Amino acid sequence: MQSLCFPESINVNIYRSSTFVEFKAKVKTYCYGMLSLKDLADTIAKKLHEHLFVGAELNGKKGGDICPCKIVKVLDEGTFKTQYEVAWLDKNNKVMETSVAKRDDLMWKKFPFSRNILKSFIRESTYRSAPWVLHNNLAQKHGISCDPPQELKGKVFIQDGLVICNKKRKEEAEKASGKHKKKKVEEDDQPMQDPIRYPIDDLLVQPAADDPVFTDRPSPSRDFNIQMDCVVDLLMVWDFCSSFGRMLHLWPFSLEDFENAICHKDSNLILIVETHSALLRLLIKDNSECFSALPKRSLKLKITLINWTEYLCHFIEKINIPDLSTNVTTIKRGHYGLLDVKAKLWILRELVNQVIETDLFREKLDDHVEQRQALGATRRGEALEEGRKRRQEKEKLKVEEKVEEKVDSLDNRAMEGFSVETAENYPSKLENGKHHNNNGEIAKEINEEFISAPEKNTSDKSESYHSEIAPQKMKQNIDLEVLEENIKNSSSKIGVKQLKNEKKEAVETRSKEQREEYYEREMEKLVLRTNSLGKDRNYNRYWWFRRDGRIFVESSDNKLWGYYCSKEELDALMGSLNCKGEREKALQKQLQKFYSRMCLKLQKRSKDLAQKIAAEEAVLRRSTRVRALPRENPTNAFLGYVNKWKED
């Protein structure tokens with residue numbers, strides 16, 4: 001149901017025509033159903049599990065053993081007991097023999113549709129649940145009626161071409177319990193409405209007084225060098241070759257270079273030759289059915305600039321598509337460059353589809369999935385460890401704060417009994433060669449000095465004791481400046497400690513951000529597919545390809561494409577989105593997630609474009625007597641492409 005289908009590890013099979021048609025048929029059966037998403041996905045999965053299609057790889061009972069097989073033809077379809085013509089396979093997936101098998105004798109190796117895949121396709125193909133309603137363009141495309149069934153006539157109605165549910169659950173519940181109350185009517189005899197809970201469907205959002213000022217949505221650029229109906233194939237083929245260049249041994253190239261190369265009339269352009277050769281080479285290595293008829297001598301030969309068209313013609317003849325087969329004669333004559341752009345991209349698209357079906361590609365995808373899962377587990381483990389450390393540090397800080405509070409309270413109590421008059425009479429410790437670096441120790445000694453005096457039972461002894469020590473205290477003075485300096489020293493130590501803690505937190509934060517960037521880069525290297533950013537209120541879909549930088553816009557009818565290529569256009573786009581709508585809120589969230597990276601890519605693209613324009617002007621300013629070679633022109637950079645990852 002998506003117009004731009006990029007390869008992924010899990011649901012590659014869903015893009016096969018036969019299974020996809022069956023899936024859509026099941027969705028059509030349950031249109032306007034009231035099941036939950038989980039129950040609907042389970043029901044469809046159960047129905048699909050019972051259905052077998054041509055090309056499905058299964059396990060079957062043969063002579064008491066379980067052997068691998070593949071459906072070749074469906075016999076007596078529609079009868080009570082459908083039979084299937086199956087091809088029995090050996091360990092190398094080569095056909096040994098064919099026979100007829102019953103449905104009870106066949107079982108799935110692995111069900112091609114997971115529950116999550118079915119849920120995602122249900123969400124993509126519907127705009128509301130309970131009842132489930134298909135998008136209008138999909139319903140028209142597949143001949144599904146948009147009219148609600150008879151049993152839902154009183155519960156739903158159509159407004160502006162969309163199905164709206166008549167919500168009276170609260171009133172019905174109150175009537176059932178006998179507690180129904182009349183609605184309050186305002187002065188204008190209008191019933192009071194419940195406040196709207198956003199987000200809602202974007203087409204139902206109405207302007208409100210509290211809305212922010214929305215910017216005008218910029219018009220996307222549409223200056224492609226190819227026909228508009230070829231853009232989707234161009235993006236799909238380029239994204240696949242860029243994402244899996246290592247596996248194909250194909251040095252990456254920019255989307256602009258690929259577009260210019262496709263439009264070029266040269267029949268042996270290196271970029272085009274290497275792209276075809278990389279895909280053909282992988283099919284030959286995988287022993288694909290397309291090259292099973294080639295003699296062994298030919299398979300051992302390398303694909304070169306001279307013979308690559310022979311392999312390409314063999315591939316086109318083998319897939320047997322009539323509209324493509326008409327181009328074989330032109331290619332054999334050495335005039336590949338004269339083919340129509342649509343035919344060139346069609347051939348490349350078929351090559352990519354065949355590569356997706358190979359075992360080598362699936363194994364590579366499985367490796368990517370395992371590596372992504374390992375990275376995700378490591379990432380989650382580090383996050384849990386950081387959380388545990390933060391909790392321990394908080395607990396430690398709380399304990400330290402409690403200890404400091406107790407020490408401060410003791411110091412304050414000691415200082416309360418230490419008056420200035422007493423300080424003047426207290427013997428100075430400096431004269432005895434003692435220096436106290438802590439005001440707490442001074443206060444402690446002061447208290448101990450007074451408390452250590454023995455209690456006298458008689459007033460005479462008490463008076464004599466005080467008369468003996470009084471002259472000594474009067475002769476000696478305490479240095480109050482030492483006490484103040486100690487207090488300052490203690491506060492300065494606290495300040496240094498805070499600075500150290502702040503520096504430590506800054507380092508930890510920076511290292512955390514660096515780790516996040518590292519994980520993001522590694523995840524991108526293990527890309528499985530390119531997903532859309534989301535849709536706006538009019539169902540236009542937005543795409544961002546990390547290796548290109550532009551934000552592409554696909555119209556709701558999949559026929560029109562455009563792109564934004566500057567930071568100002570990105571800001572204007574984000575400012576035009578209304579978060580009260582479900583689709584635009586999700587789209588804005590995705591744009592905010594990748595905003596900084598998009599800005600870097602767009603700014604780099606603008607800078608490269610300015611340098612390219614300056615270089616072109618420099619070439620034009622040259623003397624006409626010294627003509628520049630075509631490869632020196634920046635717009636012809638694709639002519640100098642070299643595949644640095646080419647297999648020896």
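User: In which order do the 4 strands of the open sheet lie?
Analyst: In this predicted model, local features need pLDDT of at least 70 and side-chain atom pairs count only at pLDDT 80 or more, whereas totals for chains, interfaces and linings use all residues. Residues are numbered from 1 along each chain as its sequence is written, and side-chain values use heavy atoms, without hydrogens and water. Strands are DSSP E runs of at least two residues, helices H or I runs of at least four, numbered from the N terminus; the pairing here is antiparallel, in the order β10-β11-β12-β13.

User: Which are the edge strands?
Analyst: Two strands pair if DSSP finds at least two bridges between them. An edge strand here pairs on one side only, and these are β10 (534–535) and β13 (561–564).

User: Which residue of β13 is the bridge partner of F552?
Analyst: Strand β12 (residues 551–554) pairs with β13 in the antiparallel sense over 4 bridges. The partner of F552 in β13 is Y563.

User: Is D366 buried, partly exposed or exposed?
Analyst: D366 is found in helix α15. Buried means under 20% relative accessible area and exposed over 50%, with partly exposed in between (1.4 Å probe, protein chains only). D366 has a relative accessible area of 41%, so D366 is partly exposed.

User: What is the relative accessibility of R390?
Analyst: R390 lies in helix α15. R390 counts as partly exposed because its relative accessibility is 43%.
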